[in-house]
Amino acid sequence: MDILVLGGAGQVGTELQALSWPDGVRVHAPGRADLDITDADAVAAALAARDYRAVINTAAYTAVDKAESDVVAAWRLNALAPAILAAATAAQSIPLVHVSTDYVFAGTKRDGAYAPDAPIDPQSVYGASKAAGELAVRTGNPRHAVVRTAWVVSPHRGNFVKTMLRLAAERDALTVVDDQHGCPTSAADLAAALATIAQRMAGDADAPTGTFHCVNAGDTTWCGFAEAIVAGSARRGGRSVPVKGIPTSAYPTPARRPANSRLSTDSLTAAYGIAPRAWQAALDDILDRLVGPVSEGVSKP
């Protein structure tokens, strides 16, 4: 079974390639220089070159603030490319698993998590371009799974965990937004879920399709997440510094952030049997790789 992974250099793409896939599954992850997914002819030629059984698209323009002034580039990668992929995969009856984001929602829901069928209302260029990409996938290939996620972290590339560790080593105190709520997500856990979905869709024409959410269980604020990162690092011998919460208004950004990024994974569990673990356990695994194991005599929470 050949599976094509797009966006292989990113956090999730890196973890997809690191997975222990079953015998007989071959993962191909061409780089951007090898395959331009905004080029319809190039995509069609790539899909024709092998008997791919599934395509997983993790590629995206994710510079949320930069997208506000780089609109064409954001829409090209987040909307045009998924449209091209959907058409090309549908033409060859290949299922498409496409990663999307919590930013398709306004984030104004007062309580609880967003279900996959909740009305979308993106408030930024990034969110709007990703919402358009979702629509392109849904209308372009009936054998699709749109998988929304949020707050993705890992030992790879730039992300919130690595930023907090760096700042904790450089500063005597941290100030972090404390009125945005969401679900931290391990790129490794997300990759494992995407692999499960792709393999099921590749082997079963009647596998569930539609839109799903995949985040680690539980929720927190960015400040609460930062506190957990710093405390976890300290248990591993890292530097401990105080973390102070601030309102979003004290940290203005070009793109508006959702105040509520909580996503419900109930439909993912019902359809694919995937029950994500707690974000705290996932964070421990990441810190083990970035900082080291918990110091002797110190227990994990």
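User: What makes the crossing of H5 and H9 right-handed?
Analyst: In this predicted model, the crossing of H5 and H9 is right-handed because the near helix is turned clockwise from the far one by less than a right angle.

User: Which residues in H5 and H9 meet?
Analyst: From H5 these are Val161, Lys162 and Leu165; from H9 they are Leu283, Ile286, Leu287 and Leu290. By class, this contact has six nonpolar residues, no polar ones and one charged. Lys counts as charged, so Lys162 is the charged one.

User: Why are H3 and H4 called roughly parallel to each other?
Analyst: The axes of helix H3 (residues 71-91) and helix H4 (residues 125-140) cross at roughly 10 degrees and come within 8 Å. The limit for roughly parallel is under 35 degrees, so H3 and H4 belong in that class. Their contact includes Ala74, Trp75 and Ala83 of H3, and Ala128, Ala132 and Val137 of H4. The residues of this contact divide into 15 nonpolar, four polar and one charged.

User: What makes the pair of phenylalanine 160 and tryptophan 222 tilted?
Analyst: The planes of phenylalanine 160 and tryptophan 222 are 50 degrees apart. Stacked requires under 30 degrees and edge-to-face over 60, so 50 degrees leaves tilted. The centre-to-centre distance is 4.7 Å, and the cut-off for a pair is within 6.5 Å. A search of the whole structure finds eight aromatic pairs.

User: Which parts does the pair of phenylalanine 160 and tryptophan 222 tie together?
Analyst: Phenylalanine 160 lies in helix H5 and tryptophan 222 in helix H7 (residues 222-235), so the pair links parts 62 residues apart in sequence.

User: Why are H7 and H9 called oblique to each other?
Analyst: The axes of H7 and H9 cross at roughly 45 degrees and come within 10 Å. Angles under 35 degrees would be roughly parallel and those from 65 to 115 roughly perpendicular, so roughly 45 degrees is oblique. The crossing of H7 and H9 is right-handed.

User: Which residues in H7 and H9 meet?
Analyst: Phe225, Ala228, Ile229, Gly232, Ser233 and Arg235 in H7 meet Trp279, Leu283, Asp284 and Leu287 in H9. By class, the contact has six nonpolar, two polar and two charged residues.

Note on methods
Residues numbered from 1 in each chain as written. Predicted model: local features only at pLDDT ≥ 70, side-chain atom pairs only at ≥ 80, totals over all residues. Heavy atoms only, no water. Helix = DSSP H or I, 4+ residues; strand = E, 2+ residues; numbered from the N terminus. Contact = heavy atoms within 4.5 Å. Phe/Tyr/Trp six-rings, centres within 6.5 Å; stacked < 30°, edge-to-face > 60°. Axes fitted to C-alpha atoms, helices over the stretch in contact; angles between N-to-C directions. Parallel < 35°, antiparallel > 145°, perpendicular 65-115°, else oblique.
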